[in-house]
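Work through the exercises below with the structure in view. Try each task before reading its solution.

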Amino acid sequence: MAVLKTDGRPRTALPDLRWLLLIAFCLAACNDAPRRIGNHVSFKGKLSEYALFKGSMPELLPADGVVPIRIGSSLFTDYAEKQRLLKIPDGQKMVVKGNELPSFPDGTLLAKTFYYAKSGKGTRLIIETRLLLYSGGKWNAATYRWNEAQTDAELLAEGATVPVYFEDRYGKYRHLEYKIPAQDDCGTCHRSGDELVPLGPQMRNLNIPIKMKGENVNQLAYLMERGVLAQADIAGIASLPDYKDSSLALAPRARAYLEMNCAHCHREAGTAAGTSLDLSYNTPYKETGMGFNKENMVIRMSTMGEYHMPKIGTTTPDEEGVRLIRDYIKSLGD
């Protein structure tokens, strides 16, 4: 740093404005670093204690009062298949709040079980079940690892790695080291400010046709019939496209993929809110930041390692997802 003499006394020159801005940016980044989101409840030691299933647990048959749900577009997790369950306290109901997450009653339990079909054996390998419990106005997260006998799952404080051999839905045989997240990892994706929130069960992601007793019905209407969703006019609720449906237009499919796989961090209240990307489905393209991040997005999605995106939850690239986003970016032109 230069030393100036104007009146015979040494004085230190003011630092360059660029350095001041850089220092301010770094201090802001440190101050805005996401804090750990702890649980406000004590989770039970075994998954069976929540009575989510009836009969033999590995059959994954929902117990009475436990409702299976589906979503239009989902998060890619190393080609794992998922079962989603909803358990609402007796006499309580979810309430529609536009296209986003509904209002959940206290005591709501969301369960997501991750599994792989075993090639040629007609069975499956269940890896983990993640719980989100709404209690005292806050969401709490826990992960349960299924045992080798597939009879129950135990609460995990730390993460774990499970070797998996499977055949994906395209008939390709794969081997990977599946990573079960630690409880502290949940806040990486399920964060809105300083709180945990669910990601998948947005109203627009639940507003899809499902097959019940051989007939196609609207899932929101079905949830109202089951008594877990309060009666509401659902005509104006949007529907998030299924990004795996190649019969749909490219742009909405790609934006739906980015919504479910990237926007949990790259949005206004996410952990990557300070970056140049906002990938929420409803953000106008010109405001997403994709215009000057296009090439970097594809590179980071397709290359594993320190700079891979998403940061956690995958140990192998989503080949079909990368292809979808690459095609979409090509369609945008220069």
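The model is predicted.

**Exercise 1.** Decide whether Arg204 is buried or exposed, then find its salt-bridge partner.

*Solution.* 
- Start with accessibility. Arg204 has 5% relative accessibility, so it counts as buried. The cut-off for buried is under 20%.
- Next, the partner. The side chain of Arg204 meets that of Glu259 in a salt bridge, at 3.2 Å from N to O.
- Glu259 sits in helix α5 (residues 250–261) and Arg204 in helix α3 (residues 203–206). They are 55 residues apart, so the pair links distant parts of the chain.

**Exercise 2.** Classify the two residues of the salt bridge between Asp64 and Lys54 by accessibility.

*Solution.* 
- The N to O distance of this salt bridge is 3.8 Å.
- Asp64 reaches 73% relative accessibility, so it is exposed.
- Lys54 reaches 41%, so it is partly exposed.
- Now look at Arg130 and Glu128. Their closest N and O atoms are 2.9 Å apart, and both residues are buried.

**Exercise 3.** State the strand order of the open sheet and find which strands stand at its edges.

*Solution.* 
- The sheet has 6 strands, in the order β3-β4-β5-β6-β7-β8. Their pairing is antiparallel.
- β3 (66–69) and β8 (153–156) each have a single partner strand, so they stand at the edges.
- From one strand to the next, the twist averages 30°.
- Zoom in on one pair. Strands β7 (residues 138–146) and β8 are joined by 4 bridges. Trp146 stands opposite Ala153 in β8.

Conventions. Residues numbered from 1 in each chain as written. Predicted model: local features only at pLDDT ≥ 70, side-chain atom pairs only at ≥ 80, totals over all residues. Heavy atoms only, no water. Pairing = 2+ DSSP bridges. Helix = DSSP H or I, 4+ residues; strand = E, 2+ residues; numbered from the N terminus. Axes fitted to C-alpha atoms, helices over the stretch in contact; angles between N-to-C directions. Salt bridge = Lys/Arg side-chain N within 4 Å of Asp/Glu carboxyl O. Buried < 20%, exposed > 50% of the residue type's maximum accessible area, 1.4 Å probe, protein only.
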